[in-house]
Amino acid sequence: MDREFGVLRGFRESLPEEFELERAIVERSRDVFELYGYQEVGIPTVEPIGIFEIKSGEEIRHRMFRFTDMGGREVCLRPEGTPAIARMVATKMRDRPLPIRVGYVGSMFRYDEPQRGRFREFLQIGIELIGSSEPLGDAEVICVVDALIKSLGFREYYIRLGHEGILRGVLEKAGIGEEAQNAILSRIDRGKVEEAFKIFEEAGGDAEYRELVSALLEPTAGNDLEMVDNIRGLVGDIERCRFSLDNLKEIFEILTENDIKNVKVDVGFARGLDYYTGMIFELYCSGIDVALAGGGRYDRLLALFGWDVPAVGCAVGVDRVALAMRERGFTLRTRKVERVVLSPIDRESSRYAIRVANRLRGMGVGVVLELSSRPPGSVISRARKAGVRFVCFVGPRESMENTISVRDLKNDVSFVLDPEGVAKIVGGSEPRL
Ligand code: AMP
């Protein structure tokens, strides 16, 4: 095929058997979200760029798919869902009792450099808990992700837990303004520590605190609570740091009490989104060096939309989760209707075939209709290949008697039944139509 018409780099097509797993992950997520009281909402795919320019962070801003629409507006394909949720809640859900729990599922678009587990269009499922600043809320969001990941079969994974207020507290104390802080944290997030220090110096950061930032970035700076206490010794006189460490410790303790033990506290952890103000986390599993999920607290984002309430949330990357599941050989079945193949034995019976197919569908049986009559042997062998167990035939006799001739390919037996009887043996679920 001409390259011009091929799939763009970083974008993917999913064949039915590939898509099944992604769909199953989304279905499972919806079930888990519901168990925690999150209600799904819909958000636009195309947004004015301003909504992301204010607070989403340098990395996301530079990687947006932007274009001018026909009305001359500067718009983009959404790179993430949180700002849209913040806007929706702040403008349309203010009369509801707090906290508000909402979730979303949708494709996000970022002009990232494609690599394993990194695409330019990817599916995110996210939840946001709005209106609570309690550490219990931070812990809940992590618990939801943990419950989902566990229910998908993962056992070997860990949660990297940090707090935006620790590094920011030190940077603030060093006299660095918010914009430069954002730039520094974004570099740290991408592992570009030297660049981060260069910005620190250019922004006139106090040298005394440069050492402190270095100490926080040491890989072993705060990997357990004892080390967090050591860090407290170093930053204890900075109010914001002290508060952040206490907050982090409390969240950590709630998680541990809830049997989430695979948490690694990292005091030098930064995420590339400017709106985070508190706890931040990412979830990793072995064999994939990019995060499966990530999130954090963003207490000042809703104020930009006119409602000053705290919030915390996270997003899970479905494509990465699917990749990790495939590599581990995990499978997950979608809720499926049982399918039969139904074939008219001659042209005259096709009207009856349509009628009876609709009756079966009405009783929760999936029916794939043969559109032209073909020899029974061919119908059966195609059904076998497709993994279908029951093949139904209808002809003049069935049409007169209002019955269906059924061949059970598993047990190699045939019988004649009315539509209700077929629904019963096929295991037609509750009525769907
Ligand atoms: P973020 O919105 O950056 O916090 O990302 C949340 C989650 O979305 C990540 O943990 C990933 O699972 C997923 N994600 C982010 N960027 C990509 C990408 N380029 N390709 C695939 N998944 C992604």
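Student: How many helices and strands does the chain have, and what percentage of its residues is buried?

Tutor: This is a predicted model, and in it the secondary structure of the chain comes to 16 helices and 16 strands. The C-alpha trace spans about 95 × 55 × 45 Å along its principal axes. Of the 433 residues in the chain, the buried share is 51%.

Student: Why is helix 6 described as largely enclosed by the rest of the structure?

Tutor: A residue counts as buried when its relative accessible area is under 20%. Helix 6 covers residues 164–173, and it is largely enclosed because the buried ones among its ten residues number eight. They are Glu164, Gly165, Ile166, Leu167, Arg168, Gly169, Val170 and Leu171.

Student: What does helix 7 reach from its first C-alpha to its last?

Tutor: Helix 7, residues 178–189, is mostly covered, with nine of its twelve residues buried, including Ala180, Ile184 and Ile188. At 1.5 Å a residue, a span of 16 Å is expected for helix 7, and its reach is close to that, at 16 Å.

Student: Is glutamate 257 buried or exposed, and which residues gather with it in a patch of negative charge?

Tutor: Glutamate 257 lies in helix 11, residues 239–257. Because exposed means over 50% relative accessible area, glutamate 257 counts as exposed at 65%. On the surface, the residues that gather with Glu257 in the negative patch are Glu134, Glu250 and Glu253.

Note on methods. Residues numbered from 1 in each chain as written. Predicted model: local features only at pLDDT ≥ 70, side-chain atom pairs only at ≥ 80, totals over all residues. Heavy atoms only, no water. Buried < 20%, exposed > 50% of the residue type's maximum accessible area, 1.4 Å probe, protein only. Helix = DSSP H or I, 4+ residues; strand = E, 2+ residues; numbered from the N terminus. Patch = residues over 30% accessible without salt bridge, like charges linked within 9 Å, V, L, I, M, F, W, Y side chains within 5 Å. Areas by Shrake-Rupley, 256 points an atom, 1.4 Å probe, with all protein chains shown as cover. Salt bridge = Lys/Arg side-chain N within 4 Å of Asp/Glu carboxyl O. Lys, Arg positive; Asp, Glu negative; His and termini not counted. Charge placed at Lys NZ, Arg CZ, Asp CG, Glu CD. Expected span 1.5 Å × (residues − 1).
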